[in-house]
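Let's take a walk through a protein chain together, from its overall layout down to single side chains. Have a look at the sequence and the model, and then read on.

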Amino acid sequence: MKQLTGIRFTNDLTGRPRYVRVDLHQHGDNILLEDFLDSIDVKARKGEPTMPFDEFVKEENKRRGVYR
């Protein structure tokens, strides 16, 4: 596999690629990388309690002292 600047692959004990290290200073503004990291965050939050959007807006407005 061709070596990319700012991207490092780490192999497992069998020699197969297992991990990817990305230099965020070099590639941190990449929109695809941003989407990928967002999807990981979504998966990590699966099962957390949720609330309807309207209720969230009401609570945020109340917290900020904004009343409509």
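Starting at the N terminus, the elements of the chain follow the order β-β-α-α-α. The chain is more spread out than a compact globule, because its radius of gyration is 20 Å, well over the 11 Å that the globule rule gives for 68 residues. Here the radius of gyration is taken over C-alpha atoms, and the globule rule is 2.2 Å times the number of residues to the power 0.38. In total there are 3 helices and 2 strands; helices (H or I, at least four residues) and strands (E, at least two) are DSSP runs, numbered from the N terminus.

A word on what you are looking at: this is a predicted model, in which local features need pLDDT of at least 70, side-chain atom pairs count only at pLDDT 80 or more, and totals for chains, interfaces and linings use all residues. Residues are numbered from 1 along each chain as its sequence is written, and side-chain values use heavy atoms, with hydrogens and water left out.

Now picture the outline of the chain. Its C-alpha atoms fill a box of roughly 60 × 25 × 15 Å, taken along the principal axes. Of the 68 residues, 6% are buried, where buried means under 20% relative accessible area, exposed means over 50%, and partly exposed lies in between (1.4 Å probe, protein chains only). If you take the contacts between residues at least 6 apart in sequence, 0% of them join residues at least 24 apart; a contact means heavy atoms within 4.5 Å. The accessible surface comes to about 7,000 Å², and 55% of that belongs to carbon and sulfur atoms. Such areas come from the Shrake-Rupley method with a 1.4 Å probe, and for residues only the protein chains shown count as cover.

Next, a few pairs of residues show how far apart parts of the chain lie. Leu24 belongs to helix α1 (residues 24–27) and is exposed, at a relative accessible area of 53%. Between Leu24 and Thr50 there are 31 Å, C-alpha to C-alpha, and the two are 26 residues apart in sequence. Arg45 sits in the loop between α2 (31–44) and α3, and with a relative accessible area of 48% Arg45 is partly exposed. From Arg45 to Leu4 the C-alpha distance is 32 Å, at 41 residues apart in sequence.

Lys62 and Arg45 lie 25 Å apart, C-alpha to C-alpha, with 17 residues as their distance in sequence. Arg63 lies in helix α3 too, and its 59% relative accessibility makes Arg63 exposed. The C-alpha atoms of Arg63 and His25 are separated by 35 Å, and these residues are 38 apart along the chain.

Which two rings form a tilted pair? The count of aromatic pairs comes to 1. The rings of Phe53 and Phe56 have centres 6.5 Å apart and planes at 35°, so this pair is tilted. By the rule, rings of Phe, Tyr and Trp (its six-membered ring) pair if their centres lie within 6.5 Å; planes under 30 degrees apart count as stacked, over 60 as edge-to-face and the rest as tilted. Phe53 and Phe56 are 3 residues apart in helix α3 (residues 53–64), and are therefore separated by about one helical turn. Phe53 is exposed at 61%, while Phe56 is partly exposed at 39%.
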